[in-house]
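Biologist: Could you zoom in on one part of this model for me and then walk me outward from there? I'd like to see how a single side chain sits among its neighbours.

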Amino acid sequence: MKPNAIQLLSNLAFSASLLFIPNLAQDLGASDIQIGIIWAVYGLSVFASSYLFGRASDVYDRKLFLRFGLGFSALTFFLQVLADPSFVLPFWANPWFLAVARGLAGFSVGIFPAALTAYVYESGGPLGSFSSFGALGLTIGTFAAGLLAMYWGSFVLSSACLFLAFLISLTMPTVSSPHLH
């Protein structure tokens, strides 16, 4: 049940955070090309991190990457608040800072999903319901961000959900798993 809660909360955070990124970038004066760059930076960061940390979680302790990834994600998702011009001083609020913040958020997002999925598999948990909790999280996150309708509010919600998932991960039992070399 704890992995399902982490899956739900993390996917809720991902979708709540990304819903308004094009609108925020446009409000910051980003061109269409800059908006594409912001999305590309995020996507490439997720790819690189997933590749690197997915392999590392096969070799080392999965719970270490799960906890580190969730904790780091909570911080980087909160960092996006600084890109909101209604929340901070204007010199932070620019498209390039948003690209850096999204890049860090993307990098943090790739740290823990492989470790979490492997943990569920090795603990004998049902992967089907685990996956469905991810879809439920995406749905709730999009809906919640729409209700908040504030850039910084969506980022705070995302960060809070990731921090709650981090706290849940601290209570998960250790599962013995084979480590690759």
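**A close look at one tryptophan**

Modeller: Let's start with Trp39, which counts as partly exposed because its relative accessibility is 33%. (Buried means under 20% relative accessible area, exposed means over 50%, and partly exposed is in between, with a 1.4 Å probe and protein chains only.) Keep in mind that this is a predicted model, so local features need pLDDT of at least 70 and side-chain atom pairs count only at pLDDT 80 or more, while totals for chains, interfaces and linings use all residues. Residues are numbered from 1 along each chain as its sequence is written, and side-chain values use heavy atoms, leaving out hydrogens and water.

Trp39 belongs to helix 3, residues 32-59. (Helices, H or I with at least four residues, and strands, E with at least two, are DSSP runs numbered from the N terminus.) If we skip residues up to four places away in sequence, Trp39 touches Leu18, Ile21 and Pro22. (A contact means heavy atoms within 4.5 Å.) Trp39 also lies 8.0 Å from Arg102, C-alpha to C-alpha, although 63 residues separate the two in sequence.

Now widen the view. The chain has eight helices and zero strands. Of its 181 residues, 47% are buried. Among contacts with a separation of 6 or more, 84% link residues 24 or more positions apart. The C-alpha trace spans about 50 × 35 × 25 Å along its principal axes.

Leu18, one of the residues Trp39 touches, brings us to helix 1, which covers residues 2-18. The axes of helix 1 and helix 8 (residues 151-169) come within 8 Å and cross at roughly 165°. (Axes are lines fitted to C-alpha atoms, for helices over the stretch in contact, and angles run from 0 to 180 degrees between N-to-C directions.) Helix 1 and helix 8 are therefore roughly antiparallel. (Under 35 degrees is roughly parallel, over 145 roughly antiparallel, 65 to 115 roughly perpendicular, and the rest oblique.) The residues where helix 1 and helix 8 touch divide into 14 nonpolar, five polar and one charged. (Nonpolar takes in Ala, Val, Leu, Ile, Met, Phe, Trp, Tyr, Cys and Pro; charged takes in Asp, Glu, Lys and Arg; the others, Gly among them, are polar.) Among the residues in this contact are Leu9 and Phe14 on helix 1, with Phe155 and Leu162 on helix 8.

Arg102 sits 8.0 Å from Trp39, and helix 5 runs over residues 95-109. Helix 4 and helix 5 pack at about 165°, their axes 8 Å apart. That makes helix 4 roughly antiparallel to helix 5. Their contact has nine nonpolar residues, four polar ones and no charged ones. Phe72 and Phe77 are among those from helix 4, and Phe97 and Leu104 are among those from helix 5.

After helix 6 comes Gly124, with a positive phi near 80°.

One last stop is Ala149, in the loop between helix 7 and helix 8. Ala149 has a positive phi too, near 50°, in a residue other than glycine. At 55% relative accessibility, Ala149 counts as exposed.
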